[in-house]
Amino acid sequence: MSTGFDVIIGGGGIVGAACADACARAGMRVALVERDVMGSGATAAGMGHIVVMDDSEAQFALTRRSQVLWRDLAARLPPTAEYEMRGTLWIALDQEEMGEAQRKEAHYAERGVPARTLSARQLAELEPNLRPELAGALLVPEDAVAYPPAVALHLAREAEKRGATLIVGHSLVKMSCGEVLLEDGMRLTAPRLVNALGAWSPQMDMEIPVKKRKGHLVITDRYPGYVLHQLVELGYLKSAHSVGSDSVAFNVQPRKTGQILIGSSRQYGNESAAVDQYMLAAMLQRAELYMPGIASLAAVRVWTGFRAATPDKLPLIGPWPGDETLWLATGHEGLGITTALATAELIAAAFIGATPAIAPEPYLPSRYAQKKLDPQKETTCNGKA
Ligand SMILES: Cc1cc2nc3c(=O)[nH]c(=O)nc-3n(C[C@H](O)[C@H](O)[C@H](O)COP(=O)(O)OP(=O)(O)OC[C@H]3O[C@@H](n4cnc5c(N)ncnc54)[C@H](O)[C@@H]3O)c2cc1C
């Protein structure tokens, strides 16, 4: 049995690594447990678009706060993190979508986020490989891109420099009541545990309301300058919101290497990591609709990954009722690269009793824990913790 930790974090994706870094910076003795290598889960599969989103005020607050933290972090990141403030172009296919671009522009302006709508001609000047007949776009210049697994590794190493213990290559089998059990029989204890296992977080407690949402991505050979901004269709929001059916959206990212990432797809109820040819074909057809020449580029790899989706599209950040030692930092769906830093800030602030930069309430897991709040089962630890 190993003791002496203030907090044990399960999952070395970008969220767990960011929590480890933030807690270690706040002076806590941290252990971070990862079964594979750091950043190998959804973090390795993700696109690395750091984007302000406004589906809800809560989503806006978390994404915007994170973006500010990303800007601070950027100066300290190694070149492997490939952070670049490329800006997002939200592409309008028709006048109806142009109306949505204008609504977003006004919404962001009210909240201090620079954004401006572009005419069809201005859009064509910025991105000449897009189809010429598009209606226009919204440019959000402060959005950025990064290479997420390199950032996760960097954050874990920063935590280690501040005394954190990285336990890599060990699977957790239990996390509750101040105790963590590893597959090889090792037991660790701490007064606080953080489940940052992403799509696998329900493996520690089936009641955690997270479902796997599969996504595909394609990466091309090097075509420097072919795409200059993160390009996303405004219809992406419909794809991200659909709950019943499989969906695809045009979402393309320029990498520092000159490669182009092509996404994106969303599927529930498919837990196989295999590439689904019909989803890949639908995704590439969607990309061709916006960027006809994309079909002539050479793809070098296709992969899939699993987003951790919650029913209300907001993550679960905070204590998990029923176990006074257990905290959740999971359920970030398609925004976990963006929101990892503000998530970690909320967790560390709560642990040291500091006032967080944004209100924590919208993300509290207690919104899903009605059964757990039953006074009969107020704690499952029976004073053990
Ligand atoms: C195709 C795709 C595109 C995306 N694009 C973007 C994007 O552009 N921008 C954005 O913000 N987000 C994006 N996302 C979402 C983003 O990738 C995730 O929200 C984010 O990576 C979640 O990080 P995490 O640390 O919570 O989870 P993960 O990275 O999945 O980390 C969980 C870790 O837990 C480990 N683990 C699991 N079980 C155990 C166990 N029993 N014991 C020990 N360790 C365990 C895993 O190995 C893994 O490393 C995308 C996701 C996908 C799939």
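Reader: Which residue is the bridge partner of Leu118 in β6?

Author: Leu118 has Ala137 as its bridge partner in β6. This is a predicted model, in which local features need pLDDT of at least 70 and side-chain atom pairs count only at pLDDT 80 or more, while totals for chains, interfaces and linings use all residues. Residues are numbered from 1 along each chain as its sequence is written, and side-chain values use heavy atoms, with hydrogens and water left out.

Reader: OK, and which way do β5 and β6 run, parallel or antiparallel?

Author: Strand β5, residues 116-119, runs antiparallel to β6 and is joined to it by 4 bridges; two strands count as paired if DSSP finds at least two bridges between them. Strands here are DSSP runs of E with at least two residues, helices are runs of H or I with at least four, and both are numbered from the N terminus.

Reader: What about β4 and β6, how many bridges there?

Author: Strand β4, residues 88-92, pairs with β6 over 5 bridges, again in the antiparallel sense, and Trp90 has Leu138 as its partner in β6.

Reader: Is β6 buried or exposed, then?

Author: Because 5 of the 5 residues of β6 (136-140) are buried, the strand is largely enclosed by the rest of the structure, where buried means under 20% relative accessible area with a 1.4 Å probe and protein chains only. Gly136, Leu138 and Val140 lie on one side, with Ala137 and Leu139 on the other, so that both faces are covered.

Reader: Switching to β2, which residues point which way?

Author: Val30, Leu32 and Glu34 point one way from β2, whereas Ala31 and Val33 point the other way, and all are buried. With 5 of its 5 residues (30-34) buried, β2 is therefore largely enclosed by the rest of the structure. Strand β1, residues 7-10, runs parallel to β2 and is joined to it by 4 bridges, with Gly10 standing opposite Val33.

Reader: Now helices: at what angle do α3 and α9 cross?

Author: The axes of α3 (57-74) and α9 (336-352) cross at roughly 90° and come within 7 Å; the axes are lines fitted to C-alpha atoms over the stretch in contact, and angles run from 0 to 180 degrees between N-to-C directions. Residues making the contact (heavy atoms within 4.5 Å) include Leu62, Arg65 and Trp70 of α3 and Ile337, Leu341 and Glu345 of α9.

Reader: Last one: where is Asp276, and what does Asp276 touch?

Author: Asp276 sits in the loop between β16 (259-268) and α8 (277-290), and is buried at a relative accessible area of 13%. Leaving aside residues up to four places away in sequence, Asp276 touches Lys214, His216, Gln267 and Asn270.

Terms used: Buried means under 20% relative accessible area, exposed over 50%, partly exposed in between (1.4 Å probe, protein chains only).
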